[in-house]
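Hi,

Here is the structure I promised to pass on. Have a look at it first, then read my notes below.

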Amino acid sequence: MGLSHRLNACLQFLRLRRSSHWDKPTLLDEYLESPLKALVVRLYCLLLWLRGSPMKPPRNRPPIKVVCLSDTHGMTVPNVPPGDLLIHAGDLTQGGTALEIQAQIDWLDSLPHRHKIVIGGNHDIFFDMKTRRDEGTPPQHGIEFKSVKYLQRQSITLKFKGQRRLNIYGAPDIIGSGDPASSNAFQYDGARHPWREAIPKDTDVLITHGPPKHHLDLNLGCSGLLQDLWRVKPKLHVFGHIHCGRGKRAVFWDSCQEAYENFLSHKMRGPIWDFVPNAQWLDVVNIVIFGISSVIWKWFMQGGHSEGGMLINAACQDGNKGKISKKTPITVEL
């Protein structure tokens with residue numbers, strides 16, 4: 001083991017650096033990758049906070065409360081908030097057997113929400129014919145879904161009080177994270193993604209297991225999925241998979257967001273070359289100009305709400321510790 005490897009191992013032991021790209025980067029990780037990126041990400045989040053909500057429920061109609069779950073891995077979540085729609089964005093189980101899936105469905109069925117939607121994740125191998133093991137169970141008859149609706153590259157329209165409706169599309173497909181013939185379901189090669197015009201244009205709520213690139217994804221998301229999001233612009237996109245990316249983020253589908261994503265698409269230059277003029281600097285200038293303009297439009301020119309949406313990484317795991325987080329599941333009103 002070389003000196004650099006020993007030093008890195010020591011820093012990981014001291015928890016100054018992360019041990020896996022699935023973990024949240026430390027401050028030292030961020031600095032060594034790109035101090036400019038660390039600054040820009042925080043600046044962008046500040047601009048989003050100043051811009052406020054990207055959407056609001058329609059006037060004179062009751063809001064629809066959506067409760068978001070993902071990555072329960074065979075565990076149940078205590079104190080799930082009440083709501084009108086419950087979404088589980090995949091990885092219900094750890095081993096992916098029919099019995100494990102049924103146990104999770106039974107738990108979700110016991111919850112009081114009027115509508116419940118589930119998709120599969122890469123651990124839910126029974127749902128994928130390419131990875132399903134022979135359990136002696138006839139296909140489609142091994143799971144009793146009860147009050148839960150399962151979507152696999154399908155759409156559904158749900159009705160809510162106040163004559164409101166939501167068009168929901170769910171798909172489990174995810175960038176390959178292992179051998180699809182052994183232990184991971186619904187995988188695809190990132191260079192040959194399945195998202196090109198795959199999401200129906202009238203989708204209000206999108207549910208996928210994996211995240212889009214550059215948003216709550218630890219840089220592990222799919223750029224093809226992000227491209228189709230720009231085409232559809234759903235009000236809400238719920239996903240999971242990246243446990244340490246848990247959270248919610250507003251999207252406005254505008255020039256500020258475009259500049260931010262362009263900035264992150266560049267290869268990071270490190271703590272020295274970041275300060276040498278390069279193309280990324282122009283993206284930073286655009287983020288600042290478009291971001292400040294949007295804040296001024298909203299708060300000083302009374303621009304009101306933008307036609308945006310919300311991204312939610314609903315992972316219920318406490319990072320990669322193998323246990324459920326004590327944090328309350330994320331909710332949003334549409």
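What follows is a short tour of what turned up.

Some ground rules before the details. This is a predicted model, so to speak of local features I needed pLDDT of at least 70, side-chain atom pairs count only at pLDDT 80 or more, and totals for chains, interfaces and linings use all residues. Residues are numbered from 1 along each chain as its sequence is written, and side-chain values use heavy atoms, with hydrogens and water left out.

**The sheet**

Let's start with an open sheet of five strands, in the order β4-β3-β2-β1-β13 and with mixed pairing. Its edges are β4 (148-150) and β13 (330-333), each of which pairs on one side only. On average, neighbouring strands here are turned by 25° against each other, direction ignored. Two strands pair if DSSP finds at least two bridges between them. Strand β3 (residues 115-118) runs parallel to β4, and three bridges join them. If you want to find the spot, K116 has V148 in β4 as its bridge partner.

**Salt bridges**

A search of the whole structure gives ten salt bridges, meaning a side-chain nitrogen of Lys or Arg within 4 Å of a carboxyl oxygen of Asp or Glu. Here are some of them.

- E30 and R42 meet through their side chains at 2.9 Å, N to O. The pair links distant parts of the chain, twelve residues apart, with E30 in helix α2 (residues 27-33) and R42 in helix α3 (residues 35-51). E30 is buried at 18% relative accessible area, while R42 is partly exposed at 43%. (Buried is under 20% relative accessible area, exposed is over 50%, and partly exposed is in between, with a 1.4 Å probe and protein chains only.)
- D204 and K235 form a salt bridge at 3.1 Å, N to O. D204 sits in the loop between β8 (187-188) and β9 (205-208) and K235 in the loop between α5 (223-232) and β10, so the pair ties together parts that are 31 residues apart in sequence. D204 is buried, with a relative accessible area of 13%, and K235 is partly exposed at 36%.
- R192 pairs with D189, their closest N and O atoms being 3.4 Å apart. R192 is exposed at 63% relative accessible area, whereas D189 is partly exposed at 39%.

**Two buried polar side chains**

Which side chain does the side chain of H237 contact? H237 belongs to strand β10 (residues 236-239) and is buried, with a relative accessible area of 0%. Its side chain makes a polar contact with the side chain of T208 at 2.8 Å. By polar contact I mean a pair of N or O atoms within 3.5 Å; within protein, one must be able to donate a hydrogen and the other to accept it, and residues adjacent in sequence count only if both atoms are side-chain atoms.

D173 is in the loop between β6 (164-171) and β7 (174-175) and counts as buried at 10% relative accessibility. The side chain of D173 makes a polar contact with that of R153, at 2.7 Å.

**On the surface**

I292, I296, W297, W299, F300 and M301 make a nonpolar surface patch of about 730 Å². Areas come from the Shrake-Rupley method with a 1.4 Å probe, and for residues only the protein chains shown count as cover. Patch residues have over 30% relative accessible area and no salt bridge; like charges are joined within 9 Å, nonpolar side chains (Val, Leu, Ile, Met, Phe, Trp, Tyr) within 5 Å. M301 is in the loop between α8 (279-299) and β12 (309-313) and counts as exposed at 53% relative accessibility.

E307 is in the loop between α8 and β12 and is exposed at 73%.

Q163 has a positive phi, near 60°, in a residue other than glycine. Q163 is in the loop between β5 (154-160) and β6. For H241, phi is near 75°, and this residue is in the loop between β10 and β11 (247-251).

Cheers

Conventions:
Helices (H or I, at least four residues) and strands (E, at least two) are DSSP runs, numbered from the N terminus. Axes are lines fitted to C-alpha atoms, for helices over the stretch in contact, and angles run from 0 to 180 degrees between N-to-C directions.
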